[in-house]
Each structure stands twice: as structure tokens, then as C-alpha cells.
Amino acid sequence: MNTEAIKAIYTAEMRRTRNTLLQSIASPVLSTCLYFIVFGSAIGSRIESVGGVSYGAFIVPGLMMLSLLTQSISNASFGIFFPKFTGTVYEVLSAPVSFFEVIVGYVGAATTKSLIIGVIILITASFFVDLRIEHPFWMLAFLLMTCVAFSLFGFIIGLWADNFEKLQLVPLLIITPLVFLGGTFYSIDMLPPLWQKISLFNPLLYLISGFRWSFYEVADVNVVLSLTMTAGFLLACLLVVWYMFKTGYKLKQ
Amino acid sequence: MSETKPAHNRAPIVKIRGLTKTYGNGHSALKDVNLDIHEGEILAVLGPNGAGKTTLISIICGLVNATGGSVTVGGYDHVKQYRQSRELIGLVPQELALGAFELVENTVALSRGLFGKPRNPEFVNSLLDKLSLVDKADSPVNRLSGGMKRRVLIAKALSHEPRVLFLDEPTAGVDVELRKDMWAVIDELRADGVTIILTTHYIEEAEAIADRVGVINDGEILVIDDKQALMDKLGKKQLVIELRESIASIPAPLEHYSLQLNSAGDALTFTYDVRAERTGITQLLNAVQSAGLGLKDLSTSQSSLEDIFVNLVAADS
Ligand SMILES: Nc1ncnc2c1ncn2[C@@H]1O[C@H](COP(=O)(O)OP(=O)(O)O)[C@@H](O)[C@H]1O
Ligand SMILES: [Mg+2]
């Protein structure tokens, strides 16, 4: 195991994060505050509680997920896309490192950054609403799995994308709509029956539901199902990355 | 090191057998390349653009998958034992690929880590010193000039103390002064016992610094030999006979010598093979005299590596 290589990649990536610290932390915090002001206070005060949870508190897990997903994807995808774009990826490819070591370095750094942002949002939210976390262990488990899974997913996008447009495309056109339609701002009980059924095909619903369950014990779907779906997605991403490295997809001719 | 034993008597540090590469578009960039690289030598791989130099290096270093054949570095297979083989290799790529805002010392430390070596700021510093980069240690790499960037890439390649260094066109697009600088750097590295393989399309570069020269064209190694041997073996010598009085044509008794008469009619050129047992010069000179031509002067010249290269590549295509 080349632990020095993992350390080196992780350190370099975290250094890159530090250089862009303000923008990478300020923007999710700012947007979270805006969501709370608009949805939590202004509109939320006119919405009755959902499953016994005040609306402002209800949206916290969903908002965290929204930031975590977008941040994980953008950190990890940029982390590998940029070396590919500038050509510096030659160094990783010619180094005595395995696929696993590369992943741990890059995805580990992206995950760390997402976790930091998640915690900051949680603290920010606690200023606006009364937070209660019923199952801290599962909350952390969901948090960690989500960050890892979507950092891996971002890594795949970064490997696949050969220009900046493609890099933005998937987060913008697929992830953001799925998060919004996955029950960030509502419980799917509030939807007409047909849309409730359609929502069940949205994988992010399971993630958000499970995460919210760890806070308030209210969920749209069974928490075991949520856990299985999240872990399944993580594994699927890991397999795809492994396959991409093995075949040298978009990395080696 | 190199004084103790001639390089070619030792086991090769890089051994390439039957290497082929066909790119996805069907282009055959390497056709059955066989090559031994000896420890401690400077090997110049000389070839025109598109000859396959970068492809060859990229396969050895793991950037491109070979279609067929085998490579070992220090006895380790470059695919099955990639960890051991890659630890021995440093690569300076053809393109000036460097991140944007990274600091010089950080990017060199990153390279060292990637190759599994523990942090060692003193060593990194001494490396930067050797490459005249010390005062640039905390500059962002994107602020450096092209020549300095190349030096940073060399520092990165040497950061894990490799035994074999590949330099892919280290002086392409570099002005004459920087090129001489680079040659000095390469010379010092060799003195440290590093084996160096450099690709180039500048013949004068191969002539100036290489111990051995391989000529590659269209995916094939046409010839590889010690630089001097190559020039002796493939080089032609020319004898120019200046005449006291100009003549209109070559006199009949001299016709079978395949001489060339210059346009002024006052000089004959005789081309001969250096290796030939009998060059025929004595006979020729006698014949010239008996034909009644007066000699003014004699001079010989030997063809350069450039002539050899041009001849080889022209004959090949
Ligand atoms: N990725 C690629 N796909 C297809 N053909 C390539 C690729 N890379 C190089 N080639 C072709 O392979 C040949 C050898 O290229 P290269 O090894 O870069 O030559 P050199 O470094 O000697 O200039 C050239 O004809 C080039 O066009
Ligand atoms: Mg090249």
C-alpha cells in the first residue's frame, strides 16, 4: 500500500480547497441562510407542521443534502477533471499507485470538504430553528455515505467529461432537479397519488428521507430501504470507477 | 561509475521486446520495437515528428497501453510489477503540463509522495538548488517562464530519486542558450549515475550529449549504436581534389572512379566508404597524375550525424 501517495494526493487536494476556502464555504452557507429566510421564516410560518415537525426544521436535512450533493460532485469532479485538462494527470498515471490509492486520496479530500460544509450548514441552521437529532449515529452514517458516494459520482463525471460544459451538465440538469423533487421541501404525502408513485423512482428521495428520519423519525420510505439504496449507490459508483481505471477509460490510449 | 565497466557489458536496465502499438484509429505507431538501454548511459532517440518517440516513452511509463510486446525496467515487468518498475522511473513529459496555482516546492513534494517516498524538504530543496530553482521555491508554477517550467518538471521527475530518467524533447522550442543550459543539467545528472533517455529531433543535440543514438522513423528503430561507431559505420568520407587548371569534363581514364566535377571545373569529389579495406585513394591519385591533371590541394571531410539521419529516414520512406 502506497500510503505516501494517498497522503500526497489528499494534502494537495486539501491545499487546493484552502485556496478557494471562502467561495467553497461561503456560498453554501449563504444559500442555506437564504432558504431559511424565504422558506423557513417567510413562507414556513404559514405552513402547518409536517408529521409534527415545524416546517423550518423539516427542511434542514433536505437543505443539507442539497449542498452536500452539489459540493461533493463539484469538488471531486473538478479534482480529477482539472489535471486531465492541464495534462498533469500524467503524473498520477505514471506513479506506482493503485486505483484504490488514487480514489482514497481524491475522494477522501472531496468527502472531507463536504463534511465540513455539512457541519457548517447544520450550525447555521441551528440559529434559525430548533434542531433535534434523534439518531446521531445514523445521521453521521448517512452523512458520510452520501459524501463518499457522491464524491465518487463526481469523480466519474470528472473522468468522463472532456470539456467544462459536460462537467456542469450532470449536476445542473440531473442532480439539482432530483434533489428538489426528492422531498427537500415537502413530504411526498403532500403530493397527488400519481406523483407520489413517480417520486418513488427518484433515488434521491430515499437518501433525503433516510437522512430526515435520523433527525426526526419521520420518513417517506422505510429507513432500511434508504440505507440499502444509499449503500448500493456507493458500491455502484465504486465499481464504475474501478472499471474506468482498469480499462484506462478516457485516461489511457 | 561508468569508468569501472563499459556500460554495455552489464544487464540492460530497460529491456524492450517486440513492442507494438496500434492506436484506436488504426494507426500503427510502433512496429516491433526491440531496445536495450544500459545503466548509466545517455541514449538519444532521434526521429522526426510522428516517428513514435512519445508513444514509446508513454508505454514504458504507463501512460499508454501497449498492443503487444514486453517491457522490463530493472528486471520488473512494467505492467505486472508496475509498482517496482515505476519506482525506478522519472518522466519529463513533452508538454509543459503543470497545475495553475501550485507552488514549486509543493508540486515537487507532491511528486515525491506519489512515488511512495516520505516527505523530505531538505532533499527537495537540494534538488531545487541543483536546478537553479531555489529562489522560485514559493512561486506559483504558472508565473514561471517556459525554461523554468521545464526545470520544475525535471525536479518533479527527480523528486523520488529515480534511476532512469526519460526526457521527451526537453529542448523543443527552447532557445539556444537554454538548450546549452539543459545539456549541462543532463550532464550533471549522468555524473550522478542516472540513466538518461532523451528524445529529440535536433541532430546536434544527439551529437552533443548522447553516448548512443537510436534513429526511429515511422514506428521502427532503423539503427542504434554508439554515437561514434554510428558515424564511422554509416558515415561517408569525401576527398576533394582541387585542380590547378579547370577542365571541361572528367578525362576518360578517370571515368570508372565515379568522381564528381564541380561547376567551375576545378575540383573533383571522390566519395568513399571509411570501413573499406582499400579505399582506392592511392590508385586514384596516381591516375589523376597520369591523366596529366595538376593538383593544387587535397582535403577530406566526414559526413555528420545529420547526413546519416537524413539518408536513413529518406531511404526508409
Ligand atoms: N492518441 C493518439 N491517437 C491516434 N494516433 C496517435 C495518438 N497519439 C499519437 N498518434 C500518432 O502516432 C504517431 C506517433 O506519435 P508520437 O509518438 O507522438 O510521435 P513523436 O513523439 O515521435 O512525434 C503519429 O503518427 C501520431 O499522429
Ligand atoms: Mg513526441
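Colleague: To how many salt bridges does the count come over all chains?

Modeller: The count over all chains comes to 16 salt bridges, a salt bridge being a side-chain nitrogen of Lys or Arg within 4 Å of a carboxyl oxygen of Asp or Glu. This is a predicted model, in which local features need pLDDT of at least 70 and side-chain atom pairs count only at pLDDT 80 or more, while totals for chains, interfaces and linings use all residues. Side-chain values use heavy atoms, with hydrogens and water left out; residues are numbered from 1 along each chain as its sequence is written, and chains are lettered from A and ligands numbered from 1 in the order in which they are written.

Colleague: Why is the pair A:Lys7 and A:Glu4 called a salt bridge?

Modeller: The closest N and O atoms of A:Lys7 and A:Glu4 are 3.5 Å apart, and the limit is 4 Å, so the pair qualifies. A:Lys7 and A:Glu4 are separated by about one helical turn because they are three residues apart in helix H1 of chain A. A helix here is a DSSP run of H or I with at least four residues, and a strand a run of E with at least two, numbered from the N terminus.

Colleague: How many salt bridges are counted between chain A and chain B?

Modeller: Two salt bridges are counted between chain A and chain B. In one salt bridge, the side chains of A:Glu101 and B:Arg83 meet at 2.9 Å, N to O.

Colleague: What area is buried between chain A and chain B?

Modeller: About 2,300 Å² is buried between the two chains, and carbon and sulfur atoms give 57% of that area. Buried area is the accessible area (1.4 Å probe) that two parts lose on being put together, summed over both. A:Tyr90, A:Pro96 and A:Gln253 supply 29% of what chain A buries against chain B, more than any other three residues. The contact (heavy atoms within 4.5 Å) takes 25 residues from chain A and 29 residues from chain B.

Colleague: What makes E2 and E5 of chain B edge strands of their sheet?

Modeller: The open sheet has four strands in the order E2-E1-E4-E5 (chain B), with antiparallel pairing. Strand E2 (28-37) and strand E5 (76-77) each have a single partner strand, so one side of each is left without a neighbour in the sheet. Two strands pair if DSSP finds at least two bridges between them.

Colleague: How do you know that E1(B) and E2(B) pair?

Modeller: Six bridges join E1(B) to E2(B) in the antiparallel sense; at least two are needed, so the strands pair. B:Ile16 stands opposite B:Leu35 in E2(B). The two strands form a hairpin with five residues between them, and B:Gly26 in the turn has a positive phi of about 90°. On strand E4 (residues 68-73), which runs antiparallel to strand E1 (residues 14-22) over five bridges, B:Thr72 faces B:Lys15.

Colleague: What is the order of the open sheet of six strands?

Modeller: The order is E6-E7-E8-E3-E9-E10 (chain B), with mixed pairing. Strand E6 (89-92) and strand E10 (220-226) are the edge strands, each pairing on one side only. Strand E7 (residues 164-168) and strand E8 (residues 195-200) of chain B pair in the parallel sense over five bridges, and B:Leu167 stands opposite B:Leu198 in E8(B).
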